[in-house]
Amino acid sequence: MDSLQIAVKLNTPDPQAITALNAIKAMRLQLPPLKIQRYDLWDFEVIEGGIDTVSNVVKHFSDIVNPNKQSWMFAGEEISFPEEDTELQWVGIVVKDFVDSISDNWTELLKRREFPVLSLSHSVLWRMGYLIDTDEALVKKMALDLAVSKSRSSGLFSNPISQEVFFWS
């Protein structure tokens, strides 16, 4: 059994990422991220076939990756995203729903269609680019503070009541 992850991104500028960056600018933070990217993450637990099985699922279902407007790549700890400026220090925050009907529905659909997939899980990856000379521990703290909503004036990407947040390595 293999665990594989893909990252899906819009080919055009992402309205959610643009809105988030504009909201952060309006917050007038001392050290805000300079750029933000958003990706849909799909985690596959594949019974057999590995990369070929995942590629086949992606090819068959435009709801996972719409080839007319999205691109995708296999993701992992060693991945570098081509659209990310190498002059920035990037940190990734993953937001996942506690009760995840998207993942449950996709898993059942793939099983009914007899794809060799044990499970499929969806989450959102927010990548924030900070000044490269900023302390890494400080970057992680600032990113986490931005990710988790604590009040109407702080945190943008998640609701701690219904979502979990963790760093993406």
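**Interior and surface**

Modeller: The volume of the largest cavity is about 40 Å³. A cavity here is a set of points on a 1 Å grid over the protein atoms alone where a 1.4 Å probe fits but cannot get out, and a volume is the space filled by probe spheres set on the points, joined across faces, edges and corners. This is a predicted model, in which local features need pLDDT of at least 70 and side-chain atom pairs count only at pLDDT 80 or more, while totals for chains, interfaces and linings use all residues. Residues are numbered from 1 along each chain as its sequence is written, and side-chain values use heavy atoms, with hydrogens and water left out.

Colleague: Which residues line the largest cavity?

Modeller: The lining is formed by V8, K9, L10, D14, R38, D40 and Q70, where lining residues have an atom within 4 Å of a point.

Colleague: And which strand gives the largest share of that lining?

Modeller: That is β1, with three residues. Both β1 (2–10) and β2 (35–46) supply at least two residues each; strands are DSSP runs of E, at least two residues, and helices runs of H or I, at least four, numbered from the N terminus.

Colleague: Changing topic, is T107 buried or exposed?

Modeller: T107 is buried, because its relative accessible area is 9%, and buried means under 20% (1.4 Å probe, protein chains only). T107 lies in helix α3 (residues 101–112).

Colleague: What is T107 in contact with, leaving aside its neighbours within four places in sequence?

Modeller: T107 is then in contact with L118, S119 and L120, contact being heavy atoms within 4.5 Å.

Methods
Buried < 20%, exposed > 50% of the residue type's maximum accessible area, 1.4 Å probe, protein only. 1 Å grid on protein atoms, 1.4 Å probe; cavity = no way out; pocket = protein on both sides within 12 Å on 5 of 7 lines; lining within 4 Å.
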